[in-house]
Amino acid sequence: MSQTTNMFDPELAEAMIAGHPGAFETFAERHGALILSFSRRTCGEHAEEVMQETFLKAYQSIKDLREPAALKSWIYRIAVNECRKLRARDFRDKCIEVSLGDALKDAGGEGCADAFADSSEVPLDRLLQGELKQKLEDAILQLPDEFQVVLVLRDMEGLSTRETAEILEIGEPLVKVRLHRARLAVRDSLTQYVRAWSA
């Protein structure tokens, strides 16, 4: 069962919206570790910055939250958007470095190719342990953004398809398609690693 299940208290959301002293601080203390964990899985080295920006944006816009029961989807959506902003910023910075240096070559960082496997519907974190854990994390971070965030929300954070669709503001069928393709892509990447290691 997801660690996020029943964690988000609508009464606390109502207190924050009403501006009750200490309510937002309580929220940040309660859920800071959760957002940091999510940020590490989606934005790697930028996790701390994503978490800080997420809570800053949440504090600034808490009164815009009209449905207290939607607090979980709302805070995750902010974190997803902040991670995307940082990834876009990094991409621009890297492009500038390549342009100015004129010496760097493409390292071949292409997106993972699709693969097909009967085990594609099994959550990834149940299949891999030990020394493959880091390779799993690396493979996830290399996924295209739209696949990566679905995989993390569903398989790592344990959110439902409906919750993931709400956070990303897309349809549930699209969530399922992206999750399936993300799982296959990560498995393909890890299969290549295992084959190379055992050769």
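How many aromatic pairs does a search of the whole structure find? The search turns up five, where rings of Phe, Tyr and Trp (its six-membered ring) count as a pair if their centres lie within 6.5 Å, and planes under 30 degrees apart are called stacked, over 60 edge-to-face and the rest tilted. Take Phe24 and Phe55: the ring centres sit 6.4 Å apart with the planes at 80°, so this pair is edge-to-face. It links distant parts of the chain, with Phe24 in helix α2 (residues 23-43) and Phe55 in helix α3 (residues 47-61), 31 residues apart. Helices here are DSSP runs (H or I, at least four residues), numbered from the N terminus. Both Phe24 and Phe55 are buried, meaning under 20% relative accessible area with a 1.4 Å probe, protein chains only.

The model is predicted: local features need pLDDT of at least 70 and side-chain atom pairs count only at pLDDT 80 or more, while totals for chains, interfaces and linings use all residues. Residues are numbered from 1 along each chain as its sequence is written, and side-chain values use heavy atoms, with hydrogens and water left out.

Phe24 and Phe55 also belong to one aromatic cluster with Phe27 and Tyr59.

The structure holds one disulfide, that is, a pair of cysteine sulfur atoms within 2.5 Å. Cys43 and Cys83 form it, with their sulfur atoms 2.0 Å apart. The torsion about their S-S bond is about 105°, so the disulfide is right-handed. This pair, too, links distant parts of the chain: Cys43 lies in helix α2 and Cys83 in helix α4, 40 residues apart. Cys43 and Cys83 are both buried.

Definitions and conventions: Helices (H or I, at least four residues) and strands (E, at least two) are DSSP runs, numbered from the N terminus. Buried means under 20% relative accessible area, exposed over 50%, partly exposed in between (1.4 Å probe, protein chains only).
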